[in-house]
Every structure is written in structure tokens, then in C-alpha cells.
Amino acid sequence: MAAWGILLGCSTRSAAPPSPTLHTLRLPSEDVTLPDLPGRAKVTSGCVACHTPRYVLDQPPLPRKTWEAEVDKMRKTYGAPVADDDVPALVDYLVAVRGG
Amino acid sequence: MAFVALPCLATDMGPRTDRRDFLRLLAAGTVAGCSRGGKETPPPPSNEPYQGKIADLVLHTERPPNLEMPERFLAQDFTPNDAMFVRWHESLLPTSIDSATYRLKVGGHVDRPLELSLNELRARFPVTSLVAVNQCAGNTRSLFSPRIPGVQWGRGAVGNARWTGVRLREVLAAAGPRDGATEVTFGGLDRAPLDSVPRFEKSLTMQVARGDEPLLAWAMNDAPLPMLNGYPLRLVVPGWYSTYWVKALEAITVLDHAFDGFWMTKAYRVPATVDASESPEDLRKQTVPVRRMNVRSLFVPPRETLRRGAMVELQGVAWDGGTGIARVELSFDGGATWKDARLEQDLGPFAWRRWRAVWMPGETGPAAVLARATSVLGERQESKPRWNRSGYMRNEPERLDVVIT
């Protein structure tokens, strides 16, 4: 994060008063704790780059087949960084957290 | 050179974000206009209200933000700006926009590409307002059975507001679409953190884009669009699901062919059947994009205790895809018979219409009330169960379950 701040030149901006035409948005920090079950690290590494893990917690219990299809969509359509070998453990985790 | 307002990284992305993607963002334009100040000011704590929003918006996801309006606001003609639901697809929202340097780009298959400031939009084109329902295609997804993955909206991914701006067709005319102009695409300032995610972009046919209603809007209920609802400018397509209402508009591009982007050809599609319905065991091969809204009504959840022999007022809202509401009926006997509710003020064919009905429950215990709306065109909500794999366009008559004491 520190590197991005420097690249954006943010540290130099704090000296000048903010422009009256500048509209800013502050978003709250993300504070999600997934259940500590086997495979949680697969979600952290493969999914969190794009979105909050709260997407998982927002779901109702879903059949395994549905979770498999979701993971497939995330990988094939959106390019989620999940290796082939990691898919079974990831699906197992999602079913453990929101399976039914 | 016009500034490009860069989407600033909204939250701590961690080490997984592709550096190549990040450098691509920098290369897209000047860095100016992208002040984050995140180094000095930590983000608000996660339990604070979202900027410009009430504290009890229902949190589905925070990154990207998907926040739902509490149902009590269905009792109001106009949804307050701080209660209007929030829905973004991709997590890099614009977090810093300079209204003085912002430019809307209009280009592609046109004679005169334009770069318009907000002041130019206001000065060059007639300003107009229209009241319209803003409803997510996936509103009430959580009510489908069997359940469908996605944002688990209840009944609050919908709101009604007055939208102010200029007509899309006027801006297009100024750019001069050339012969063969077929469709026009709309892209916003938001981005995904990975290059592999298709950029959120929607299209309209030229015929639809040249219609009376589509607006480039800068105001919601006579105030500037909240950042979370698309400041500085969004497309408004009255009567159509709000997937088309692209927020934080950056570029309008006229094409001489049909747009083949992911968010039109793969996402936001329903079975090509009369009722946009299929079964999980028999998914339809042919699909069409969601477009115009179907007719619908919702209850305002009653706040008072319902007693046998005491009059209670039921109320709610109804709307359709732009012809208006002709009647709303309630059934207290499971659909055997229906009684008309009273319709309240007509705010226009694209707005929702509030309705009221008085009821005196005759028995104690659990009871159910059904509501169904009929549009001016004659479209009526039907009780036949419908389903589609993405959970779009739900409009079965609502059932209010109560307990009479």
C-alpha cells in the first residue's frame, strides 16, 4: 500500500488545500472473518484479490454442484487465480461454510 | 489535455493485485484528479455508515459495495438519497473525481467526437427531469426456490427518484452518428482489479438510445448523485432494469455493429420464453438480455400489531415498465377472490405508484394477504411460479404473512 501511495503522488497532495470541486468517497475498511475450517486459505488467496469474502457469507446453503459451478465461473469467466489442484479443497470449504 | 479521473483503489487490495493492472491504470491518463490520501487517513471503521447513507442499509458486500434499502422506505413516494440502494459490479470504484476537470467522452462511429464537461452538458442541452423506478434485475433473488447464487437481495434493491439531466439523444445528435450506427455502449469510471475481468459496459440499440426517455443524469431527487450512486453522471433508462443505468459515466461509444461485450452477451440474460422462466432440470439454451421491467407490487411491512376486529391499513407500491399502474388488488383468501386497493398519487408512468387498502381481520392466528398489480397495458402479476438460473425479473404476487392477535 505504501508503494501505491507514492506512485499516486498522494503524499505530496496533503500539503495543498483540497479543491472545492473535488468529490471524494471514503469506503469503510473490510472486516470479514471467514469460519476457520480447512481450506480457508484457498479463499483468501484465490478470491480476495477481486472481492470481499463476504460474498460467500451472503449465500444461502447451496448444493455442491452449485458451488462447483460458481468456482468454475469465477475461474473461467473472471480469471480468478485458483490453480486446478486447489479447486477441490476450495469447493470443500465453500460447502462446509454454505453447503446444503 | 483533459484529465482522466482515475479510479483509486478503494481498499487494501493486499499483495494479490496484479502490478501490471495497476500500472495500466496509471498509464490510462494523468495521475491528477486521483487523490486518495489513504496513506495519512485510515479508512472509516467497518461498522460506520457508508458515506451519505443511513446506518441501517443492509450490508450484502462491502467490496464492491452492495447495500440494500430497508423495506420501510417503500412507504415513501421518493426514496431518500441516503436510503437508495447501492450496487457495483467491480471493486475499484472512483473515489476521487474533480467536477471541474471531468469530461464525458462521446465517440466511435460519429462525425464529431465530443468531450463534454458537466457545465457544457448543462449549458448546451435542454435540462429535463423524470421520475423513474431504479430496480436491480436481481431484486428479490433471495425469494426464488430453489435458491440461486449471487447477491442475496431481499425486496430493497429498488427505489423511486426524480432524475435530472439531459436527453441522451440530444448528446448523440450533437456527436452526429454516421450512417450504419447500430448500437451505443456505455462505460463508467469503475474498474476491476484484474485484467481478466470483463469491463462493465452495457449497450443500447440506436433506436432505444434515440428514444424520448433515456437520460444522462447528474441529479437524484434534486441533489447531485451520491458517489455511491454514480456521481458525476449516470445513464438512466426509465422502465428498464438498472443494469443499464451505468454509473460514473466515462465514455459513450457509437458502434456500427452489435456490441459483443460480456455484460450484454453472457451476463444479465434470461430464457427466451414468454415468461422468462425455465427449470433447474431444463435450462433453456436460448437466452435474451433483460430489458424492460415487468409489472410488480410490494407491501410495506406493517409496523402495528394486527388485531381481530380492528381496522388496519395495508400499503405498498406498484410499478411496471413504463405504461403505469391501472389497479392493485389484494386477496385475503389465498387468491380465490380479489379486492381493489386505492391508488395514490400518479407520479408518472415510470414511477412507482403507492397504494392503500383497509382491512379488518376476522380471525386470530396466522393470515396471509396477496397483492397483484395490473399495468395500464394490461400486464398482470400471475401466481404461476417462475424461475431462471440467474434469479432475475421476479414478479410473482407478493404474500404478506401476518399474525392476528
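In chain A, residues 24 or more positions apart account for 69% of the contacts with a separation of 6 or more; two residues are in contact if their C-beta atoms, placed from the backbone, lie within 7 Å. This is a predicted model, in which local features need pLDDT of at least 70 and side-chain atom pairs count only at pLDDT 80 or more, while totals for chains, interfaces and linings use all residues. Residues are numbered from 1 along each chain as its sequence is written, and chains are lettered from A and ligands numbered from 1 in the order in which they are written.

**View 1. Secondary structure of chain A.** Chain A has 6 helices and 1 strand; helices (H or I, at least four residues) and strands (E, at least two) are DSSP runs, numbered from the N terminus. Their order along the sequence is α-α-β-α-α-α-α. Of the 100 residues in this chain, 24% are buried. A residue is buried if 20 or more other C-beta atoms lie within 10 Å of its own, exposed if 12 or fewer, and partly exposed in between, with C-beta atoms placed from the backbone.

**View 2. Strand β11 of chain B and its pairing with β8(B).** Strand β8(B), residues 158-167, pairs with β11(B) in the antiparallel sense over 5 bridges; two strands pair if DSSP finds at least two bridges between them. B:Gly165 has B:Ala217 of β11(B) as its bridge partner.

**View 3. β11(B) with β13(B).** Strand β13(B) covers residues 234-236 and is joined to β11(B) by 3 bridges, the two running antiparallel. Here B:Leu216 is opposite B:Leu235 of β13(B).

**View 4. The hairpin of β11(B) and β12(B).** Strand β12(B), residues 223-224, pairs with β11(B) over 2 bridges in the antiparallel sense. B:Ala219 has B:Pro224 in β12(B) as its bridge partner. The hairpin has 2 residues between its strands, and B:Asn221 in the turn has a positive phi of about 50°.

**View 5. An open sheet of 3 strands in chain B.** The strands are ordered β1-β2-β3, with antiparallel pairing. β1 (58-62) and β3 (86-87) of chain B stand at the edges with a single partner strand each, so one side of each is left without a neighbour in the sheet. Between β1(B) and β2(B), residues 65-68, there are 4 bridges. B:Leu59 stands opposite B:Leu67 of β2(B). In a regular strand, side chains alternate between the two faces of the sheet.
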